[in-house]
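Thank you all for coming; I would like to take you through one structure this morning, going slowly enough that the cut-offs behind each term stay in view. Please have the sequence and the model open as I speak.

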Amino acid sequence: MAGLYTGIIAPHAPVLVPGVTGPRLEAETASLRDALAAIHSNGADLVVVLSPHGAASGVYTRASGSLSGFGVPGLPIAGRPEPRAATELAELWGKPLL
């Protein structure tokens, strides 16, 4: 993981979904959505998701969620991190691998 990385710190995903934010925040979050799209299209090496919703503080070995609680059905997501990156991140942060 050593090296130079480009990244972005973005707000909680529902803030970026037009179906959740409505027209009032859609214009305000447009540039942020564009920045996230650019990272995605350029093939990011690593994505770190910071969330207050975990049961404990640490680096999780899997994650899942959806926006159905926000009234946006059909957008579930689940994933497992690359094991080496998760282990290194946990060690660097001094947090457990959960």
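Let me begin with confidence: pLDDT is the predictor's confidence in each residue, on a scale from 0 to 100. That matters here since what you see is a predicted model, in which local features need pLDDT of at least 70, side-chain atom pairs count only at pLDDT 80 or more, and totals for chains, interfaces and linings use all residues. Residues are numbered from 1 along each chain as its sequence is written, and side-chain values use heavy atoms, with hydrogens and water left out. For the protein chain the mean pLDDT is 77, with 84% of the residues reaching 70 or more.

When I say helix or strand, I mean a DSSP run, H or I over at least four residues for helices and E over at least two for strands, numbered from the N terminus. By that count the protein chain has three helices and two strands, and along the sequence they come in the pattern α-α-β-β-α. Among these elements, helix 1 (residues 18-26) carries the lowest mean pLDDT, 73, while helix 3 (residues 83-93) carries the highest, 89.

For exposure I use relative accessible area, with buried meaning under 20%, exposed over 50%, and partly exposed in between, for a 1.4 Å probe and protein chains only. On that scale, 14% of the 98 residues of the protein chain count as buried.

Let me turn to helix 3, where the buried residues are A85, A86, L89 and A90. Seen down the axis of helix 3, these buried residues fall within an arc of 130°, so they line one face of the helix; the arc is taken over the directions from the helix axis to the C-beta atoms. On the other side of helix 3, the exposed residues are P83, R84, E91 and L92. Just after helix 3 comes G94, with a positive phi of about 70°.

How many salt bridges does a search of the whole structure find? The search finds one, where a salt bridge is a side-chain nitrogen of Lys or Arg within 4 Å of a carboxyl oxygen of Asp or Glu. The partners are R84 and E88, with their closest N and O atoms 3.0 Å apart. Both residues lie in helix 3, four residues apart, about one turn of the helix. R84 counts as exposed because its relative accessibility is 52%, whereas E88, at 23%, counts as partly exposed.

Helix 2 is followed by G43, whose phi is positive, near 70°.

Next, the loops. R80 is found in the loop between strand 2 (77-79) and helix 3, and at 65% relative accessibility R80 counts as exposed. R80 and T61 are 19 residues apart in sequence, yet their C-alpha atoms are 5.9 Å apart in space. R62 sits in the loop between helix 2 and strand 1 and is exposed as well, with a relative accessible area of 53%. From R62 to E82, 20 residues apart in sequence, the C-alpha separation is 9.8 Å.

Finally, consider V17, which is placed in the segment before helix 1. Is V17 buried or exposed? At 18% relative accessibility, V17 counts as buried.
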